[in-house]
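The structure is shown first.

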Amino acid sequence: LFLVGMLRGLIARSSFRLAPVNSVAVAVTSKRFKSYEDVEDVPSKMLRERSIKKYSKKHNPALKKDYDYQWRFPLLRFNKHYHGEFRNMISENRIEELDARWNLLRKIGKHPSPHTVEMLAEVYSKLNRIDDMVEVIDMLKNDRNKVTRETFRHLAVAHIRNGNFDLADQAFKSLEEIYPGANKYNARVYGAHAAHFWRSKDQEKVDFWLDQFKNVEDKPKKDYSNFLMEIPAEFLREKLETFLPVLGDTGYDFVAARYASEGLTDDVQALIKHMGEKDVDVSAEVNDSLILSHIKNGKLDDALSVLEQMRQNGNSVCYSSYCDIIAECAVQKRDAEVEKLLAEVQLSGHDPATPKASVALANYFATKGDYLNTKKFWLIAKENNALYDPAVSHAPIALVAKHSHGTALEMLTHLDENYLTPLPETFDALIESHKANKLERQARILEQHKFRCYN
């Protein structure tokens, strides 16, 4: 019997060796096979061989050398998440944080896409940081992706503001070389020319560039805003009647938004008075600009009074107005106003989902100990790419850790994956949560992580 058993074993092993390398076949014919992990299927084998294949580098014939960025490493590009972070920082005028974030991502090897360069060029153009703009544009000199058209126009606008038309022409020539036949003018270029000649007191050329912009057909609404962003507020006050025909039927809305962008409340109120004298109805957008200007100046009570007046007059209230006021009320811990305004917004089936409002509400409910709303608005802020400051995530993570250590760990992991270092207090809250749930090993891992971050 012993010899018979050995013979059967030999036959089984020999049949296993002669069988084709197929995980399904092996699992059926051999009882000695215990795990699918021991056999590599064909797709996995192909992926493995493809991953170690030596690709030939892409060569730049113009510079006679290989491209800096190779197409097979897409994870090194700036993605939509980082672009969203940049947009939020720019909209909140947090330029120092933008510079710090940009420098960090560059240090860890992230390579800018043409869209990244365009965003930075627009910011540097407004701040007259021409050297920084040129440095960023040069990053794409040896790249397989072209610099966008708008990037060259932003560079030209910066030179036009400084009155350096020769360098502006060089920027337009660079645009023509890469995009033959491309239109070198956009709304900002028109506005920069008009503003420059207004400063030079050349009214004839001012009228010429205003007419050029007015005659552009099928302009999107964004072009009007971009045009006015190049126009100084003093110019608008002086020549309001000149600008209104250029801006079309909704000219008052764009002028009010331009004033509100700088927090010029008196100018917005003067514009509303002018509209009353002309028997023009005050739109919800103009009132929204008035509310925004009050918020920018820290006058929350005045913004609330405008909102209440709009209710009494039966005027519609913009969604952005609700979000701005709710965010400020949450920061100032005004419980009654937050509860009332939040209920009004939610009646429409929506939540305050702007980046500023979602972050403010997440921290507001965290201080109140409201676990569900804290988690909800933190996730909304995550979707809006508004969590670029680790400090705004501390209170929400600390509260969530008391209810669900797993969810809190996922929130911490999100910060890590986006190269954000959580605060020491955030680590401590998560470590205590894991120890309370008898997860000593995971707690030690978090302690080691904290040590590596701050030692």
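**Second largest pocket**

I looked up which element dominates the lining of the second largest pocket: the largest share, six residues, comes from H9. I worked on a predicted model, where local features need pLDDT of at least 70, side-chain atom pairs count only at pLDDT 80 or more, and totals for chains, interfaces and linings use all residues. Residues are numbered from 1 along each chain as its sequence is written, and side-chain values use heavy atoms, without hydrogens and water.

I noted a volume of about 400 Å³ for this pocket. A pocket here is an open set of points on a 1 Å grid over the protein atoms alone, where a 1.4 Å probe fits, with protein on both sides within 12 Å along at least five of seven lines; lining residues have an atom within 4 Å of a point. The volume is the space filled by probe spheres set on the points.

I found 18 lining residues, with Ile 137, Val 147, Phe 152, Ser 174 and Ile 178 closest to the pocket centre. Helices H7 (130–138), H8 (149–161) and H9 (165–178) each give two or more residues to the lining. Helices are DSSP runs (H or I, at least four residues), numbered from the N terminus.

**Helices H17 and H19**

I read an angle of about 20° between H17 (residues 284–296) and H19 (residues 319–331), with their axes 9 Å apart. Axes are lines fitted to C-alpha atoms over the stretch in contact, and angles run from 0 to 180 degrees between N-to-C directions. The two helices, H17 and H19, are therefore roughly parallel (under 35 degrees).

Notes:
Angles under 35 degrees count as roughly parallel, over 145 as roughly antiparallel, 65 to 115 as roughly perpendicular and the rest as oblique.
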